[in-house]
Amino acid sequence: KAGVTQTPRYLIKTRGQQVTLSCSPISGHRSVSWYQQTPGQGLQFLFEYFSETQRNKGNFPGRFSGRQFSNSRSEMNVSTLELGDSALYLCASSLRGFIQLETHNEQFFGPGTRLTVL
Amino acid sequence: AQSVTQLDSHVSVSEGTPVLLRCNYSSSYSPSLFWYVQHPNKGLQLLLKYTSAATLVKGINGFEAEFKKSETSFHLTKPSAHMSDAAEYFCVVSDREAAGNKLTFGGGTRVLVKP
């Protein structure tokens, strides 16, 4: 079974531009979460989608948005890029939505998209 | 609100010696706790998880962790380090009463294994 895939793996953008990152979850997984990883802030939760609905959102400005399609694939968009948006963006998928109710539910992470903003 | 503190940002061990990575958590509810490992230029891999069953949890590659509610700790151990264990390790908490899959990560512990 293929793992979580993220495209592109690397991106270079300039300040003020916008960017769209894509994530394809493991087949059959319906929940997709996004995380930002930076040396200064570590790993931070961005948002989670389940059945095309955003269910959880982290403390990020409105420039960060996302969506999920009917096939569970997800995209995240960052508008008006800032230098501080340079990071590794990780996507994770899980079989169902309520992790705490599922003893075997876990999140599987993709390799990430490394975004550099110049 | 939930939070995780990894007490050591870097740990250096010799190959064949024990590894101890310390983690303390704060959670309003009954938490699920995880350890993930990240090798350079790779995604995160789940080592083990605690979800209120046995307090001593065994994971992959010889790692184990013990949940101690009274100490709000979830330390990760391995009896004998291998060169391939060099990586960054993250302690993670998920509130079990909160809806959804929001994970809160600790700051990470980078492990160096000396030959």
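Guide: A nonpolar core is a set of buried Ala, Val, Leu, Ile, Met, Phe, Trp, Tyr and Cys residues joined through side-chain atoms within 4.5 Å; buried means under 20% relative accessible area, exposed over 50%, and partly exposed in between, with a 1.4 Å probe and protein chains only. This is a predicted model, in which local features need pLDDT of at least 70, side-chain atom pairs count only at pLDDT 80 or more, and totals for chains, interfaces and linings use all residues. Residues are numbered from 1 along each chain as its sequence is written, chains are lettered from A and ligands numbered from 1 in the order in which they are written, and side-chain values use heavy atoms, with hydrogens and water left out.

Visitor: How many residues does the largest nonpolar core have, and which have the most contacts inside it?

Guide: In soluble globular proteins, nonpolar side chains tend to be buried together. Here the largest core has 26 residues, and those with the most contacts inside it include Leu21(B), Trp35(B), Leu47(B) and Tyr89(B). Strand 10 of chain B, residues 87-95, gives the most to this core, with four residues; strands (E, at least two residues) are DSSP runs numbered from the N terminus. A second, separate core of 21 residues includes Val78(A) and Tyr89(A).

Visitor: Which residues does Leu47(B) touch?

Guide: Contact means heavy atoms within 4.5 Å. Leaving out residues up to four places away in sequence, Leu47(B) touches Trp35(B), Tyr36(B), Val37(B), Gly59(B), Ile60(B), Phe63(B), Leu76(B) and Tyr89(B).

Visitor: How much space lies in the largest pocket, and which residues are the closest to its centre?

Guide: Rolling a probe the size of a water molecule over the atoms shows where empty space is left. On a 1 Å grid over the protein atoms alone, a pocket is an open set of points where a 1.4 Å probe fits, with protein on both sides within 12 Å along at least five of seven lines; lining residues have an atom within 4 Å of a point. The largest pocket holds about 440 Å³. Of its 20 lining residues, Gln37(A), Arg114(A), Gln38(B), Glu88(B) and Arg110(B) are the closest to its centre.

Visitor: What lines the second largest pocket?

Guide: Its space is about 240 Å³, and its lining includes Phe45(A), Phe60(A), Lys102(B) and Phe105(B). Strand 5 of chain A gives the most to that lining, with three residues.

Visitor: How many strands does chain B have?

Guide: Chain B has twelve strands and zero helices. Of its 115 residues, 49% count as buried.

Conventions
Points joined across faces, edges and corners; volume = space filled by probe spheres on them.
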